[in-house]
Every structure is written in C-alpha cells, then in structure tokens.
Amino acid sequence: MSEILKYKKGSIKQAPLPEESPSWDEFCEMLWEEIEAGAELNQPGFKVVRKLLSDKRFDK
C-alpha cells in the first residue's frame, strides 16, 4: 500500500478511522489484497481505507 500512497495526497492520512481499526502506519505495511480481503470480511476500517485509496479526488 505504501506504493499507492506515493500517488495520493498526504491529507488522506488525516481521515478518521473507525474505532478498533488498524492505524494508518499498520495499513501502510499491508498489501492491497489484504485490504480488499479485510473489506470483504467487514473488518473495522478496511472499507474506509479501500474507498479513500480508490477515490480519484485524492490523487496528486
């Protein structure tokens, strides 16, 4: 995911994440496939992060 974040605005990390979700630092260490899998399993924060990373408004 850290590769994806290189092409996103830095403000994306200011988005609040739900309680009990991993931190942005923890998400940065994950692969996109892990985020997709977590979103499919409705794990806290994964859908939010997937949506933010897929949103073209946050592209540099």
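The dialogue below works through some features of a predicted protein model, one at a time.

User: What should I know about the model and its numbering before I start reading?

Analyst: This is a predicted model, in which local features need pLDDT of at least 70 and side-chain atom pairs count only at pLDDT 80 or more, while totals for chains, interfaces and linings use all residues. Residues are numbered from 1 along each chain as its sequence is written, and side-chain values use heavy atoms, with hydrogens and water left out.

User: How many helices and strands are there in the protein chain?

Analyst: Helices (H or I, at least four residues) and strands (E, at least two) are DSSP runs, numbered from the N terminus. By that reading the protein chain has four helices and zero strands, and its pattern along the sequence is α-α-α-α. The protein chain is as compact as a globular protein of that length, because its radius of gyration is 11 Å, close to the 10 Å that the globule rule gives for 60 residues. Here the radius of gyration is taken over C-alpha atoms, and the globule rule is 2.2 Å times the number of residues to the power 0.38. Along its principal axes, the C-alpha trace spans about 30 × 20 × 20 Å.

User: How do I read burial, and what share of the residues in the protein chain is buried?

Analyst: A residue is buried under 20% relative accessible area, exposed over 50%, and partly exposed in between (1.4 Å probe, protein chains only). Buried residues make up 33% of the 60 residues in the protein chain.

User: Is Ala39 buried or exposed, and which residues does Ala39 touch?

Analyst: Contact means heavy atoms within 4.5 Å. Ala39 lies in helix 3 and is buried, with a relative accessible area of 1%. Not counting residues up to four places away in sequence, Ala39 touches Phe46, Lys47 and Arg50. The C-alpha atoms of Ala39 and Arg50, eleven residues apart along the chain, are separated by 7.3 Å. For the protein chain as a whole, residues 24 or more positions apart account for 53% of the contacts with a separation of 6 or more.

User: Where is Ser21 placed, and which residues is Ser21 in contact with?

Analyst: Ser21 sits in the loop between helix 1 (2-5) and helix 2 (24-28), and it counts as buried because its relative accessibility is 17%. Leaving aside its neighbours within four places in sequence, Ser21 is in contact with Pro44 and Gly45. Although Ser21 and Pro44 are 23 residues apart along the chain, their C-alpha atoms are separated by 4.7 Å. A polar atom of the Ser21 side chain also lies 2.8 Å from the backbone oxygen of Pro18.

User: Which residues other than glycine have a positive phi?

Analyst: Most residues other than glycine have a negative phi. Glu20, which is not a glycine, has a positive phi of about 70°; Glu20 is in the loop between helix 1 and helix 2 and is exposed, with a relative accessible area of 73%. Asn42 also has a positive value, with phi near 60°. Asn42 belongs to the loop between helix 3 and helix 4 (46-54), and at 53% relative accessibility it counts as exposed.

User: What separates the C-alpha atoms of Glu29 and Met1?

Analyst: The C-alpha atoms of Glu29 and Met1, 28 residues apart along the chain, are separated by 6.7 Å. Glu29 is found in the loop between helix 2 and helix 3 (32-40) and counts as exposed at 69% relative accessibility. Glu33, in helix 3, is 32 residues from Met1 along the chain, and their C-alpha atoms are separated by 9.3 Å; Glu33 counts as exposed at 55% relative accessibility.

Notes. A polar contact is a pair of N or O atoms within 3.5 Å; within protein, one must be able to donate a hydrogen and the other to accept it, and residues adjacent in sequence count only if both atoms are side-chain atoms.
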